[in-house]
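This report describes the overall fold and two selected positions of the model shown below.

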Amino acid sequence: APQEDANKTYVKADDTAPRNLDIDGSDILVPFVRTKADGAMDITVALTDTSGLFTLKNTTVSFAAGETTATAAVSYSYDNLDPAASYSIVVEITSGDISEYTADAFPITCRKAWQNLGTAQWYDDWWIGGPFEKQLIKAPDGTETYRLINPWDQESVTAGGLDFVEEVPYLEFFINED
């Protein structure tokens, strides 16, 4: 039976990584792994995207000396994504030693998710005070609907002198004027 050359360093897409993603505006990081960590190593990759909304940030993926993992970053225009659509992209290795026993391409299916706007300060003048740093996300449908993630966590509630009952996953609100 044929076998791999033990002296070569083979590269492949990390087939343990998720292939169905809810994307929130952050880059998509496509993971690659190599069989040996000796020395630094570069491979080249290409993107297949029929929608034209996704862009490979760099065609070179660099493995640092001593590292067996590296990623290719894919960016996209969050605002141009259709919340009802599903997008299929493929990131494929175009140079570098690939084993005949592993995949050289990594297909991904993406759907527009709530957009991560980062950290917001939130103050609750009804119960527990603040200010607190919380994640703020915006609805993918283009409306001015927002969610403050985990607004009343156990630490904040008990520090505010109240009895903690249960976490509230988010506080949803909308803005109906400028």
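The pLDDT is the predictor's confidence in each residue, on a scale from 0 to 100. This is a predicted model, in which local features need pLDDT of at least 70, side-chain atom pairs count only at pLDDT 80 or more, and totals for chains, interfaces and linings use all residues. Residues are numbered from 1 along each chain as its sequence is written, and side-chain values use heavy atoms, without hydrogens and water.

The protein has a mean pLDDT of 92, and 98% of the residues score at least 70.

| Element | Residues | Mean pLDDT |
|---|---|---|
| helix α1 (lowest) | residues 154-159 | 90 |
| strand β5 (highest) | residues 54-56 | 98 |

The protein contains one helix and 13 strands. Its radius of gyration (over C-alpha atoms) is 22 Å, well over the 16 Å that the globule rule (2.2 Å times the number of residues to the power 0.38) gives for 178 residues, so the protein is more spread out than a compact globule. The C-alpha atoms fill a box of roughly 70 × 35 × 25 Å along the principal axes.

Two positions differ in burial, where buried means under 20% relative accessible area, exposed over 50%, and partly exposed in between (1.4 Å probe, protein chains only). Threonine 9 lies in the segment before β1 (11-13) and is buried, at 17%. Tryptophan 127, in the loop between β10 (115-124) and β11 (129-138), counts as exposed because its relative accessibility is 52%.

Methods:
Helices (H or I, at least four residues) and strands (E, at least two) are DSSP runs, numbered from the N terminus.
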